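Reader: I have a fold on my screen and would like to talk it through with you. Could we go over it together?

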Amino acid sequence: MASLRQTPLTCSGHTRPVVHLAFSDVTDSGYYLISACKDGKPMLRQGDTGDWIGTFVGHKGAVWGVALNPDATRAASGAADFNAKVWDAIKGEEIQSFQHKHIVKSVNFSTNSNYLCTGSTEKLVRIFDLNKPEAAPQVFSGHKNGIRHVTFFNNDTQLITCADDKTLRVWDIINGQEVNRLDFPTIPNSMEVSKDGTIITTTHSNIVTFWNSKDLTKLREYTVPTQMNSASLHPDCSIFVCGGEDLKMYKFDYSTGTEIESFKGHFGPIHSVHFSPDGELYASGSEDGTLRLWQTTVGKTYGLWRCIEQSSALQDTAAVLNNKQEVPAS
């Protein structure tokens, strides 16, 4: 039997670099994937196949951050037009728009979907009450440079942020105060909180680090072959994947740091990497304007992948045909 090789599904449709990705939780109708792109048009897809569902049209600048609430009924986006927007993910309509004074780089929903947090190049973090959209947001200040990522944390009692000031910070939502921080030698490019909330994954330079979320003590740290822009830990904490400047997707053993495999598929640096909520695949977004979906277990029947012996050429053809999308003009 021919040895199995990774055959990613290629999701086209964007016209500029894809800079951020986010999954929903698993819902009654599967799970969903949203992409942020410099073309200003976030796209919603079926998570396990990459099939295009719709495009959110309304931003007037590059979209830098996106999020889906757990049940995929709402989407959020932050953009270079100084706005964070909340969308009806079923109808595709804009629900709310929150004006900022500079580029909005990151957005995330609270677990109950009642609140939206945003991080901007103003160096500020905000929490908006989506049930009282006219109310002034809660503002958190202290970072010395633009915010890269912000998300709710510790059962929505805290926020966690990382920024261009080379710090990661934890904030108490009730009193608005910073309660913990990490300092990095270089800018932390990415930050992910594990599904169970116990592990924080960061990348800076060519280093992937895993932190205990309770006290920010270091659990593991691995030096990898290239500058990594993003890393994601499997839901069962057995492996992690990362991607960056050398165009390759890497998979490592979490316990030992041993490289399991690496695959080249993109034609530009990789900006964002995330495991699906069920851990069966991971998605990557790249400077080349595409998203790719990769199998966690190569050769397993899942989504559009079928566990049948094919030549590599047939596999490649099937991947392209299965995922070819026509995106209507907005």
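This is a predicted model: local features need pLDDT of at least 70, side-chain atom pairs count only at pLDDT 80 or more; totals for chains, interfaces and linings use all residues.

Reader: What percentage of the 330 residues of the protein count as buried?
Author: Residues are numbered from 1 along each chain as its sequence is written, and side-chain values use heavy atoms, with hydrogens and water left out. Buried means under 20% relative accessible area, exposed over 50%, and partly exposed in between, with a 1.4 Å probe and protein chains only. Of the 330 residues, the share that counts as buried is 55%.

Reader: What radius of gyration does the protein have, next to that of a compact globule?
Author: The radius is taken over C-alpha atoms, and the globule rule is 2.2 Å times the number of residues to the power 0.38. For 330 residues that rule gives a value near 20 Å, and the protein agrees with it at 19 Å.

Reader: In what order do the 4 strands of the open sheet come?
Author: Strands are DSSP runs of E with at least two residues, helices are runs of H or I with at least four, and both are numbered from the N terminus. Two strands pair if DSSP finds at least two bridges between them. The pairing in this sheet is antiparallel, and the order is β14-β15-β16-β17.

Reader: Why is one side of β14 and of β17 left without a neighbour in the sheet?
Author: β14 (147-153) and β17 (178-183) stand at the edges, so each has a single partner strand. For β17, residues 167-172 form a strand that pairs with it in the antiparallel sense over 5 bridges, and that strand is β16.

Reader: Which residue in β17 is the bridge partner of Val170?
Author: β16 spans residues 167-172. The bridge partner of Val170 in β17 is Asn180.

Reader: Is Asn175 buried or partly exposed?
Author: Asn175 lies in the loop between β16 and β17. Its side chain reaches the backbone nitrogen of Gln177 at 2.8 Å. With a relative accessibility of 46%, Asn175 counts as partly exposed.

How values were computed. A polar contact is a pair of N or O atoms within 3.5 Å; within protein, one must be able to donate a hydrogen and the other to accept it, and residues adjacent in sequence count only if both atoms are side-chain atoms.
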